[in-house]
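These notes are meant for a colleague opening this structure for the first time. Please read the points in order, with the model at hand.

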Amino acid sequence: MLTALKYLVIALFCLIFDGLLRAQHIGRINFTEIKQNIENPTSEYYYPSLQQRVINHDTTLVYKHYKHLYYGCVFQDFYHPYGNSHAKKDFLDTYEVGQYDSAIVKGKAVLQENPVDIEVTLKLILAYLESGDTASAKLYGRHYFAFLDVIYASGDGLTQESAYVVISVDDEYRIVGDLGLNVKQQELMNGCDLLIFVKRGQRKFRKKPIRELYFNVQMPLMSLSKSFKDTDLPDPDNDSDDDDE
């Protein structure tokens, strides 16, 4: 049972992000415009068409298409930034034990539903390389780095106002890995994740070490807020110590 205090915290959390749901412009990303484009069947950004094109490895896709794919994902029924589907868990388990041929089949099935899963895309690249199929690895590599470019273009990560805008906390770590950084500390501040990095070893790659980066996680948090609101919360625990006189 939830205590009265926990119930109040969840209720306040939902109220805060109800307000954010109405403010669909986050940093450099205009989610209102993206939503309009991906829901318009006559638009080149119509989401079902983009989804099929990336699945088919359409080489005519450019930055603006990947941007609509990535940020348009938040408006899809399959968008669940916290937790993995059974299909993804099965893929990850198969990948971790080194059954790469089987993992490839399962990973492609995951991307059929959600082609914007960057973690699965990366592991598919590695699985193809382990299997000796460099041509397929390059196809998925094109998608992977295109999605990273979309995140890089969303800000510079130096302040909360110019934070990189991500649709999944996991995607923060794809950027961190791409930059060759090791996380020392993580804090949630005003809808942003602040990642603080280990300085040791960075001088091998850059003259000035990167001390910290901000990632805007308002969209994942709003999704979490909606999941709270869609869940029937139990009544407060009347036996809580808070009620004792």
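1. The buried residues of H9 are Val169, Asp171, Glu172, Arg174, Ile175 and Val176, where buried stands for under 20% relative accessible area, exposed for over 50% and partly exposed for what lies in between, with a 1.4 Å probe and protein chains only. Helices (H or I, at least four residues) and strands (E, at least two) are DSSP runs numbered from the N terminus. These buried residues of H9 pack against H4, helix H7 (118-130), helix H8 (134-153), E4, E5 and strand E6 (212-216), contact meaning heavy atoms within 4.5 Å.

2. On the basis of the notes: this is a predicted model, in which local features need pLDDT of at least 70 and side-chain atom pairs count only at pLDDT 80 or more, whereas totals for chains, interfaces and linings use all residues. Residues are numbered from 1 along each chain as its sequence is written, and side-chain values use heavy atoms, with hydrogens and water left out.

3. Which side chain of opposite charge is nearest to glutamate 172? Glutamate 172, which lies in helix H9 (residues 169-178), is buried yet has no salt bridge, and the nearest such side chain, arginine 174, is 10.0 Å away. Here Lys and Arg count as positive and Asp and Glu as negative, while His and the chain ends are not counted; a salt bridge is a side-chain nitrogen of Lys or Arg within 4 Å of a carboxyl oxygen of Asp or Glu. Leaving aside residues up to four places away in sequence, glutamate 172 touches Val166, Gln186, Asp193, Leu195, Phe215 and Val217.

4. The ends of H9 also deserve a look. Serine 168 caps the N-terminal end of H9, with a side-chain oxygen 3.2 Å from the backbone nitrogen of aspartate 170, and just after H9 glycine 180 takes a positive phi of about 70°.

5. Positive phi values also occur in residues other than glycine. Histidine 57, in the loop between helix H3 (47-55) and helix H4 (63-72), has a phi near 60°. Asparagine 190, placed in the loop between strand E4 (183-189) and strand E5 (192-197), has a positive phi of about 50° and is exposed, with a relative accessible area of 65%.

6. How many salt bridges does a search of the whole structure find? The search finds eight. One of them joins the side chains of glutamate 44 and lysine 64 at 3.8 Å, N to O; because glutamate 44 lies in the loop between helix H2 (31-38) and H3 and lysine 64 in helix H4, the pair ties together parts that are 20 residues apart in sequence. Glutamate 44 is partly exposed at 40% relative accessible area, and lysine 64 is partly exposed at 38%.

7. Glutamate 119 and lysine 123 form a salt bridge of 3.6 Å, N to O, and both residues are buried. Being four residues apart in helix H7, they are separated by about one helical turn. Lys88, Asp117, Glu119 and Lys123 are linked in a network of salt bridges.

8. The largest pocket has a volume of about 450 Å³ and is lined by 24 residues, of which His80, Gly83, Lys88, Asn114 and Asp117 lie nearest its centre. On a 1 Å grid over the protein atoms alone, a pocket is an open set of points where a 1.4 Å probe fits, with protein on both sides within 12 Å along at least five of seven lines, and lining residues have an atom within 4 Å of a point. Grid points are joined across faces, edges and corners, and a volume is the space filled by probe spheres set on the points. Helix H5 (86-96), helix H6 (100-113), H7 and H9 each supply at least two residues of this lining.

Technical notes. Polar contact = N/O pair within 3.5 Å; in protein donor to acceptor, adjacent residues only side chain to side chain.
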